[in-house]
Each structure stands twice: as C-alpha cells, then as structure tokens.
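Here's a quick briefing on how charged and aromatic side chains pair up in a protein model. Have a look at the structure first, then read on.

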Amino acid sequence: MPVKYKDYYEILGVQRTASDSDIKKAFRKLAREYHPDVAKNKKQAEEKFKEINEAYEVLGDPAKRKKYDELGANWSSGAEFRPPPGWESFGRGGGFPGRGHRGEEYEFHFGGTGFSDFFEQLFGSRGRGAGGFGRAGGMGAEDLAERGADIEGDIMVTLEEAMRGSVRSVSVRHAVPCEHCGGTGQRARHVCNVCGGTGQMAKTDTYQVKIPAGVTEGQRLRLAGRGEAGMAGGAAGDLYLRVRFARHPDFEVQDHNLIYEAELAPWEAVLGANISVPTLNGRVNIKIPAGTQNGQKLRVRGRGLPERNGGSGDLIVETRVEVPGKIGESERKLWEQLAKESHFNPRG
Ligand SMILES: [Zn+2]
C-alpha cells in the first residue's frame, strides 16, 4: 500500500536550504499559532499542529533530515510514494522481518496517532513487534495454534496530555483473510468477487487508547489482544503504541523536568526582578535574584511533568541576558555614565 508523500519543508514554510536555526524558528512560530490549547478552531488547529510537529521531528533532527533529503527534491506533496528499496526505517531496533506467514509484506496504516503513514513508513516504529513469534503451548491439534503477531506504531502525545492524561481514538488498518472466500481467492471455482482473487481484505479497527498522566517519551502503551489475529485458534497478538512527545514551542523536556529559557534585560539580571513564566498550568511569577548570570538555572519545584510515583518534575528556568540592539540618546547617556562609574571588569 503506497503512502502520500509529505513535503516537510513546505509544511514549515522554509526553503530546502534553510539552516537548523531557521527551521527551529519556523517551527516555534507555527507551533505557537496552532497549539491546540490556544487556537480558536481547535479541531483544525490540532491536525495542523500534528503535521507541523511531524515535519519538525524530521527536519529538526540532522540525521533524519539527511535521510529525508536523500529521497530527492522532485516529489510533490500528496504524490503516491513507496520507500526506496533498501530503506531502513529509524527506530525499529534492528528491523523486523517484514514478512508474514506466507511471505507477504506487513503493512499497517494507522489513524489518529498524530503521525502520517508516510512518517511511519520512513521514520516510525511501525511494524511487526518482536514478541509475536511464539507459539501457544499445548498438545495435539493445539500444536498448530500460533499466536498472532504484535503490531507496533507511534503515537504523538502533547505535553499537556502527558500532564493530565487523555483518551484518544486510534485506528489500525490491516489485511485480513477475505471472509467471502476464506482467504483462498476463489469461490465455486471462480475468482472471488469480494477480494478480486487476492484472498485478503482491508479491515479497520478503532480502539480507545488511554494515555495515562505521567507517560514518558519512548514508553510503549500496550493494548492486549489488539494485534494480529492468531492462527488456528492461537491468541491474538498485542498492539503497542510508542509514545513520542510533540515538541512544545516553550519547553524542552529532560526526564520529568521542563526547561524554559527566559530572556532578561541586563538591568533585570543585575538588579533582580520578578518575571512571569509559562508552565503547563498557566503562568507563575518567579523572582530573579540580583546578580543573576547568563545561563543560570532557577528551579520552580513541582511544575514539571508528573511522575508515576505521584511526584512531579520541576520547571527549570534558564536565563539568557539579552542586550538591546538599538538605544535612544538619553539611554546612551545612562550607559556611558554607567561605563564610567562601574568597577565591574568582566576580564579582570
Ligand atoms: Zn475473497
């Protein structure tokens, strides 16, 4: 099943030659605009937000961007696309065999995970899980029973969801034996008119996936029995969804801590100040002590992401002193006076 090509440069509105910092800037601007928590038209913004995140997940990572660029610049958005031969997907941990009982290729199409099929095929963990090869134990006829394969995919989780938890509707489309002909492709010596002789039908299953508060990047959510059906009475495999955090325009994530970069005016750093910083639960005021250095880290306890033991990570505010680019005449006089009177020597 081919997928639709995604033009990640077009999605972020940058040239293919854009620098890493231009890409980051473009992402932050769009992510602020379309963040589901702030946008007016939530439904529309959510789709756009996920698309922006997916684009940044690829273009914001030098290795993935290089790999993406290798596909060439001549693809147009929405064109039918298959990964080139020999393409090794990211994140598959060594790669799955990629073939089924009769040697056919496994391809699953996911919906509602936040990632496109295009992303999943090239960069996702989509595939057949490693745990799906065991046989159900037993005697006699049960020896033929084979457990169904596990299915694995990615799910994009916003930091707000990781904070509060959520329930999402995820669909998986996969091939099952045609019910009309029992998978033989034939019925009464004629080509089956339901599956056209392939013996297979596409089946879409939709599941409600609970995302618990406190999930972490890379955590796998297991939906028992939601993988592929077993053979000859074997149990069904499991469906695993690997959590990937959506990038946030304001915060970086480090374990359970959130990192926020706060810009300071030089006098705020020198004299100290009270400033307002965002958290995932509204803004808080923090005190910048007098004599704060560039890159100093201030900790706001308990305002990070929740932990599974009931605790919470911290918000870490990293300061960055900004220098005014343009100053007026009266300001210049004050700085000149300061330069004359100050005993501060940064190279002393
Ligand atoms: Zn059929």
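What follows goes through salt bridges, aromatic pairs and charges over rings.

This is a predicted model, where local features need pLDDT of at least 70 and side-chain atom pairs count only at pLDDT 80 or more, while totals for chains, interfaces and linings use all residues. Residues are numbered from 1 along each chain as its sequence is written, and side-chain values use heavy atoms, with hydrogens and water left out.

**Salt bridges**

- You'll find 23 salt bridges in the structure (a side-chain nitrogen of Lys or Arg within 4 Å of a carboxyl oxygen of Asp or Glu).
- Take Arg 32 and Asp 250: their side chains meet in a salt bridge, 2.9 Å from N to O. This pair links distant parts of the chain, 218 residues apart, with Arg 32 in helix 2 and Asp 250 in the loop between strand 11 and strand 12 (helices, H or I with at least four residues, and strands, E with at least two, are DSSP runs numbered from the N terminus).
- Arg 32 is partly exposed at 43% relative accessibility, and Asp 250 is partly exposed too, at 21% (buried means under 20% relative accessible area, exposed over 50%, partly exposed in between, with a 1.4 Å probe and protein chains only).
- Arg 320 and Glu 263 make another salt bridge, with their closest N and O atoms 3.3 Å apart. Arg 320 sits in strand 17 and Glu 263 in strand 13, so this pair ties together parts that are 57 residues apart in sequence.
- Shared partners join Glu 57, Asp 61, Lys 64, Asp 154, Arg 242 and Arg 244 into one network of salt bridges.

**Aromatic pairs**

- The count comes to 15 aromatic pairs (rings of Phe, Tyr and Trp, its six-membered ring, with centres within 6.5 Å; planes under 30 degrees apart are stacked, over 60 edge-to-face, the rest tilted).
- Tyr 5 and Tyr 68 are stacked, at 6.1 Å centre to centre with 15° between the planes.
- Tyr 5 is buried at 2%, and Tyr 68 is buried at 0%.
- Tyr 5 also pairs with Phe 81: the centres are 5.8 Å apart and the planes at 55°, so this pair is tilted.

**Charges over rings**

- Lys 48 lies over the face of Tyr 34, 5.8 Å from the ring centre (NZ of Lys or CZ of Arg within 6 Å of the ring centre and within 35 degrees of the ring normal).
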